[in-house]
Amino acid sequence: MKKVLHYKTNFLNKSETFIDRLVQNHLSYQPIALCYRKRAFTDNIRVFEVPQKGLASWINFAAFHSNMTLPFYNQVLRQEKPDLVHAHFGYDAVKLIKATQKSGIPLLTSFYGTDVSRLPSEFGWKRRYRKLAANAAHFIAASEFMKNQLIKLGFPEEKISIVRFGVDLNGANFNESLPSTPKVMMVGRMVEKKGFEYGIQAISNLREKGIKPIVNIYGYGPGMKGLKDLTKKSGLLEQVHFHGYQPVERILEAHHQHSLLLAPSITAKDGDMEGLPNTILEAMAQGTPVVTTRHAAIPEVIEDKKTGFLVNERDADGLADIMEKIFRNEFDLNQIRHKARKTIEEAYSIQQMVRNVEAIYDKININD
């Protein structure tokens with residue numbers, strides 16, 4: 001069996017379930033992982049972590065913080081001889097350019113969102129991306145929207161493939177009925193691009209229309225204090241509840257107690273954008289109606305009033321208006337929910353994602 005080495009500086013952050021799904025479900029490639037530091041999802045895969053003690057630790061530490069090729073990375077590539085290296089996120093892929101050049105192993109890079117929208121505006125990154133574009137074998141974008149972003153950054157169109165995220169349909173039990181009382185969930189890191197403040201404002205506006213849903217927010221991040229302050233200022237302490245980070249299993253369970261997922265994503269002031277939020281795909285698979293925004297690649301999966309509901313970014317009034325109509329039963333939610341599930345089954349399953357990625361692996365190996 002051929003071998004693929006997955007690289008990420010931190011393998012993996014708890015929120016990066018979309019990478020873990022690929023790694024754990026390979027069909028014709030044996031996965032191994034290389035990283036600077038181990039984090040989560042490491043139980044069922046061989047992970048090569050930079051030594052944390054002794055002289056080797058100091059040498060690799062110095063190389064890492066000097067943006068030099070780590071000797072440990074070269075060592076693992078020589079030792080394991082993978083058929084290709086699959087780096088996740090553009091900012092991590094650049095760390096493997098010299099190592100893969102030296103070893104002659106092809107480098108594949110997957111992009112996910114902030115590495116395409118915000119990062120290129122920071123000093124030095126357009127130059128680094130030009131080097132990556134010239135030296136990597138192939139690139140994966142999570143959406144048509146992202147592919148166009150990469151082309152604008154100078155990545156060769158003929159080397160970019162679109163592979164959509166995969167959802168575990170075996171673990172997504174479709175909810176045949178919705179709660180009788182309105183309950184809203186929001187899920188994700190508490191950062192500006194998630195737009196949670198507009199979600200809270202929409203809930204406040206909805207209360208003025210005589211509808212008072214319970215709102216559960218799952219996630220953590222630097223914006224939590226500001227969101228809690230906004231909740232208190234808006235007089236929503238009895239309605240809006242913060243639960244912090246929760247494992248994906250808890251989130252999937254929560255779908256069966258909620259009337260809808262509110263995902264009010266926005267373009268942040270620094271240009272940071274979503275790729276395509278996995279929370280939306282998971283909700284569609286579970287049968288939870290989705291209210292979201294015309295942001296990044298979201299309209300590629302959500303068809304307004306057919307597989308979910310779309311409003312413009314930063315439009316708290318629009319979010320409140322559509323939720324009012326939903327809670328006043330002005331839409332056939334069952335039809336919308338079933339069509340959303342069908343969309344996921346046809347284009348966003350784990351099996352489809354893995355097949356598409358491994359087809360790219362095969363193409364790279366043939367052309368190499």
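This report looks at selected residues in a predicted model.

## About the model

Residues are numbered from 1 along each chain as its sequence is written, and side-chain values use heavy atoms, with hydrogens and water left out. The model is predicted, so local features need pLDDT of at least 70 and side-chain atom pairs count only at pLDDT 80 or more, while totals for chains, interfaces and linings use all residues.

## A nonpolar surface patch

L55, W58, I59 and F61 make up a nonpolar patch on the surface. Together they have about 480 Å² of accessible area. Such areas come from the Shrake-Rupley method with a 1.4 Å probe; for residues, only the protein chains shown count as cover. Patch members have over 30% relative accessible area and no salt bridge; like charges are joined within 9 Å, and nonpolar side chains (Val, Leu, Ile, Met, Phe, Trp, Tyr) within 5 Å.

W58 sits in helix α2, residues 54–65. Helices (H or I, at least four residues) and strands (E, at least two) are DSSP runs, numbered from the N terminus. W58 counts as exposed because its relative accessibility is 61%. The scale runs as follows: buried is under 20% relative accessible area, exposed is over 50%, and partly exposed is in between (1.4 Å probe, protein chains only).

## A buried charge: E358

E358 belongs to helix α16, residues 350–367. E358 is buried and has no salt bridge. A salt bridge needs a side-chain nitrogen of Lys or Arg within 4 Å of a carboxyl oxygen of Asp or Glu. The nearest side chain of opposite charge is R355, 8.9 Å away. For charge, Lys and Arg count as positive and Asp and Glu as negative; His and the chain ends are not counted.

What joins the side chains of E358 and S28? A polar contact of 2.7 Å does. This term means a pair of N or O atoms within 3.5 Å; within protein, one must be able to donate a hydrogen and the other to accept it, and residues adjacent in sequence count only if both atoms are side-chain atoms. Leaving aside neighbours within four places in sequence, E358 is in contact (heavy atoms within 4.5 Å) with H26, L27, S28 and Y29.

## S103 in helix α5

S103 lies in helix α5, residues 97–103. S103 is partly exposed because its relative accessible area is 31%. A polar atom of its side chain lies 3.1 Å from the backbone oxygen of A99. The side chain of S103 also reaches the backbone oxygen of T100, at 3.2 Å. N74 and S103 are 29 residues apart in sequence, with 7.6 Å from C-alpha to C-alpha.

## Salt bridges

How many salt bridges are there? The count comes to 19. One of them joins R118 and E122, at 2.2 Å from N to O. E122 is partly exposed, at 36% relative accessible area. K306 pairs with E303, their closest N and O atoms being 3.5 Å apart. K306 is partly exposed at 42%, and E303 is partly exposed at 39%.

R328 and E324 also form a salt bridge, with closest N and O atoms 3.1 Å apart. R328 is partly exposed, at 42%. Salt bridges link K209, D321, E324 and R328 in a network.

## A buried loop residue: A142

A142 sits in the loop between β8 (138–141) and α8 (144–152). Why is A142 buried? Because its relative accessible area is 1%. Beyond its neighbours within four places in sequence, A142 is in contact with F111, I162, V163, R164 and F165. S110 and A142 are 32 residues apart in sequence, and 7.9 Å apart in space, C-alpha to C-alpha.
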